[in-house]
Amino acid sequence: MIREENIRLIFGLKVRMRRQELKMSLSDLSKKSEMSVSYINEIEKGKKYPKRSKISALAMALGMTYDELVSLKISKKLGPLSDLLTSDILHELPLDVFGLEPRNLVELMSGAPAKLSAFVNTIVEISRNYALTVESLYFSVLRSYQEMHDNYFKEIERAADGFREQYLQDKEGFEAYGTVLKQYLQEQCGVWIDEDTLGNDPALGNLRSVLRVEKDKKVLLVNCHLNQRQKNFVMSREVGYHLMGLSERSMTYSWVRVNAFDALLNDYKATYFAGALMLPEALLVKDVEELLAAKEFDSELLLQMVQKHDASPETYIHRLTSIFPKYFGLNKLFFLRLDHMAGSNQYSLTKELHLDGLHSPHGTVLSEHYCRRWVSLKVFQQLEELQAQGKADAIVTSTQISKYITSGKEYFCFSVARPIPGKPGVNMSITLGFDMNESFKRKCNFWKSEKVKVEFVNETCERCPATDCSVRASEPVVLERERQETEMRKALDRLLSSE
């Protein structure tokens with residue numbers, strides 16, 4: 001069943017294309033059809049669908065039959081566009097995040113039909129070949145949304161500040177916070193907390209929370225194996241949904257299935273709210289000022305700051321991606337989370353954020369082997385050595401200036417590695433990296449420290465020219481293929497130029 005909006009878009013596109021084929025202006029068509037220029041303009045943009053009498057007048061003015069004009073068939077040169085308009089793809093794409101509407105894309109395609117349609121078709125084919133899903137597209141758009149705003153959202157920060165001042169101002173400790181959050185959810189939101197049910201079912205044991213909607217109330221099932229800090233974060237997130245009026249959302253803490261971008265975006269906003277509530281920006285600004293003033297990067301000081309706020313390293317460092325750009329002008333940065341099964345040779349990039357451009361490393365080469373010289377991977381080895389000594393809950397930190405062999409780009413990186421709670425044998429590393437441009441060097445002192453080692457790195461082993469690497473996980477097959485292609489092109493140029 002074709003959407004009514006798409007029917008209007010197809011009709012308007014056909015009127016516009018036929019008018020352009022006849023080299024008629026809007027004014028010419030207006031006179032011939034006895035309709036106003038503004039009304040025809042609205043038709044061509046897909047905003048209006050005329051009555052039968054006006055369709056007949058348009059068809060006559062354009063030298064078409066009534067049936068030809070109302071048919072949903074579009075010319076072959078706009079085949080990919082026809083596929084888009086007769087499907088729900090345009091409405092699955094979160095165009096509104098970028099201030100676009102489906103008709104904007106249609107207008108672009110109709111302006112340069114053959115080339116742009118071919119381009120769209122190519123994108124569709126690439127997505128099929130790489131098994132890209134709507135879900136992966138949604139997550140990519142969400143990252144773009146964060147990057148557009150430097151991952152700082154003033155209205156959410158203010159909402160968190162307001163709630164804290166009203167309900168948590170005189171409360172100390174996570175137990176007291178938890179009591180207030182539970183009371184607020186029950187009395188103000190009609191959400192009851194169940195801390196017993198979830199977590200005992202093996203199939204649901206990895207879920208932090210599930211919202212169950214019953215006839216007369218809502219029940220937030222919170223995993224019984226979470227500590228109080230984690231439970232507070234889950235409840236803070238639920239407060240965020242209510243306080244900010246975010247109705248479209250997921251029913252689980254972690255995504256099981258992505259059904260709509262609006263729900264994904266609202267989940268992110270609620271999570272941002274929880275982070276802002278647990279870690280006030282004013283306190284984080286003071287932390288960063290202390291870090292930047294130091295002559296050496298103090299990993300122990302960073303851990304002390306994390307522990308002072310009783311936060312997880314991941315939540316704390318991710319919050320810093322909002323503070324550094326907003327208050328210190330350091331927006332050329334990236335955030336990475338990698339997961340690793342202890343003892344294995346496999347690493348998975350599970351979360352990433354790049355502000356002000358796509359930095360190295362990133363997640364576009366998931367089928368290749370990440371460079372083992374990254375500090376993000378090296379901390380895993382340090383952590384596993386401590387775990388082998390019986391220190392199961394150890395946390396490891398490390399710093400590094402990563403200088404990329406191929407591009408020459410330099411990044412100051414610090415990483416924190418720790419075991420993932422509730423997943424025996426699985427560790428994670430969190431990395432925050434800064435482009436070492438002039439702004440960074442001017443505002444920071446610790447990068448000059450002799451304790452911070454410079455390591456020559458690359459994105460993946462498959463693309464790395466380093467011949468003396470002792471930790472290489474794969475031969476440079478991609479680099480070698482590129483070299484062979486370059487040599488072939490040079491030889492071909494020599495052959496052709498000698499004639």
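Which residues of helix H4 (residues 52-61) are buried? In this predicted model, the buried residues of H4 are Ile55, Leu58, Ala59 and Ala61. Around the helix axis these residues span an arc of only 165°, which places them on the same side of H4. The face turned away from this buried side carries the exposed residues Ser53 and Met60. The cover over the buried residues of H4 includes helix H1 (4-21), H2, H3 and helix H5 (66-70). Just after H4, glycine 63 adopts a positive phi of about 70°.

Two of the covering elements, H2 and H3, also pack against each other. The axes of helix H2 (residues 26-33) and helix H3 (residues 37-44) come within 9 Å and cross at roughly 110°. Angles of 65 to 115 degrees count as roughly perpendicular, and H2 and H3 are therefore roughly perpendicular to each other. On the H2 side, the contact is made by Leu26, Ser27, Leu29, Ser30 and Ser33, and on the H3 side by Val37, Ile40, Asn41 and Glu44. By class, four nonpolar, four polar and one charged residues take part in this contact.

In general, strands of a sheet pair through backbone hydrogen bonds, either parallel or antiparallel. Strand E6 (residues 396-404) and strand E7 (residues 410-419) run antiparallel and are joined by eight bridges. One of the bridge partners in E7 is valine 416, which pairs with threonine 397.

The loop between H16 and helix H17 (313-328) holds serine 312. Is serine 312 buried or exposed? The relative accessible area of serine 312 is 7%; residues under 20% count as buried, so serine 312 is buried. Leaving aside residues up to four places away in sequence, serine 312 touches Arg229, Val306 and Arg418.

Technical notes:
Residues are numbered from 1 along each chain as its sequence is written. This is a predicted model: local features need pLDDT of at least 70, side-chain atom pairs count only at pLDDT 80 or more; totals for chains, interfaces and linings use all residues. Side-chain values use heavy atoms; hydrogens and water are left out. Axes are lines fitted to C-alpha atoms, for helices over the stretch in contact, and angles run from 0 to 180 degrees between N-to-C directions. Helices (H or I, at least four residues) and strands (E, at least two) are DSSP runs, numbered from the N terminus. Angles under 35 degrees count as roughly parallel, over 145 as roughly antiparallel, 65 to 115 as roughly perpendicular and the rest as oblique. Contact means heavy atoms within 4.5 Å. Ala, Val, Leu, Ile, Met, Phe, Trp, Tyr, Cys and Pro count as nonpolar, Asp, Glu, Lys and Arg as charged, and the others, Gly among them, as polar. Two strands pair if DSSP finds at least two bridges between them. Buried means under 20% relative accessible area, exposed over 50%, partly exposed in between (1.4 Å probe, protein chains only). The arc is that of the directions from the helix axis to the C-beta atoms.
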